[in-house]
Amino acid sequence: MALPATHPLPLDEAARLQALRPYQLLNTMQDETFAELARLTAQLFRVPICIIALVEEEVVRFGLNHGLPPDMDRVNRWETLCSVALLGEGVTVFENLHAEPCALINPGLVQNLHLGFYAGHTLRTADGQPIGVLCVIDNQPRAFSSAEAALLERLTGVVMNLLDLRVALVQQPRWNQELWAAIYARIEDSVQRLETLAALAGWEEAPDSSNALAYQDSARQEMLRVIEVLGQQIQAARL
């Protein structure tokens with residue numbers, strides 16, 4: 001098991017909750033853009049679950065996710081690994097929760113969901129306040145490379161920028177639906193491409209064959225393109 005990347009950071013909870021408030025509305029919205037982004041992230045890391053979690057005072061909201069049951073939109077803060085990841089500066093990883101469970105939370109939720117792996121990166125506002133976590137989860141233990149950690153960090157930046165953009169657009173009298181639709185279309189197209197690449201890789205007899213590795217590399221390159229294009233779209237929206 002890999003422990004949190006840094007020592008836990010002290011939180012000014014009042015300031016943190018104040019910073020979180022504008023984003024809380026997003027959990028009640030049926031926004032397919034974030035759903036597709038979560039699905040895209042899950043595809044890239046080859047895991048069944050991805051969550052854009054917002055950490056409130058007593059609960060963690062999972063409304064923006066891929067792979068969770070429809071009725072699991074919130075859990076108690078003291079029983080989710082996101083409450084641990086929120087305290088880290090970098091990526092928090094638990095590679096084998098079956099053998100080495102996290103002692104900082106109540107284990108009931110992890111055990112009930114049969115979670116074996118968790119990796120999460122803190123979502124921070126422009127002034128550094130931690131409001132949530134982008135995490136990928138698997139039922140089976142697995143290793144998590146430094147390259148994957150770097151990619152999760154970059155994706156966290158994309159998610160945070162999109163959250164900021166969505167909040168800004170919602171607050172406008174007429175928000176730019178055409179721009180948001182273009183962002184959604186780019187993410188959806190990449191999801192489909194990654195699904196195709198994953199299927200091609202799965203047809204290879206050996207997962208480490210040259211063809212399978214080429215498909216995996218293509219998937220990584222596609223994700224890097226997504227990050228670049230989304231960054232350009234977000235920047236254009238702010239001009």
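1. The structure holds three aromatic pairs (Phe, Tyr and six-membered Trp rings with centres within 6.5 Å; planes under 30 degrees apart are stacked, over 60 edge-to-face, the rest tilted). In the pair of F94 and Y118, the ring centres are 6.4 Å apart and the planes stand at 55°, so the pair is tilted. F94 belongs to strand β4 and Y118 to strand β5 (residues 117–124), so this pair ties together parts 24 residues apart in sequence. F94 counts as buried at 3% relative accessibility, and Y118 counts as buried at 2% (buried is under 20% relative accessible area, exposed over 50%, partly exposed in between, with a 1.4 Å probe and protein chains only).

2. This is a predicted model: local features need pLDDT of at least 70, side-chain atom pairs count only at pLDDT 80 or more, and totals for chains, interfaces and linings use all residues. Residues are numbered from 1 along each chain as its sequence is written, and side-chain values use heavy atoms, without hydrogens and water.

3. F117 and F144 are both buried. Ring pairs link F45, F117 and F144 into a cluster. The charged end of R142 sits over the ring of F117, 5.1 Å from its centre (NZ of Lys or CZ of Arg within 6 Å of the ring centre and within 35 degrees of the ring normal).

4. An open sheet of six strands runs in the order β3-β2-β1-β6-β5-β4 with antiparallel pairing (strands are DSSP E runs of at least two residues, numbered from the N terminus; pairing needs at least two DSSP bridges).

How values were computed. Helix = DSSP H or I, 4+ residues; strand = E, 2+ residues; numbered from the N terminus.
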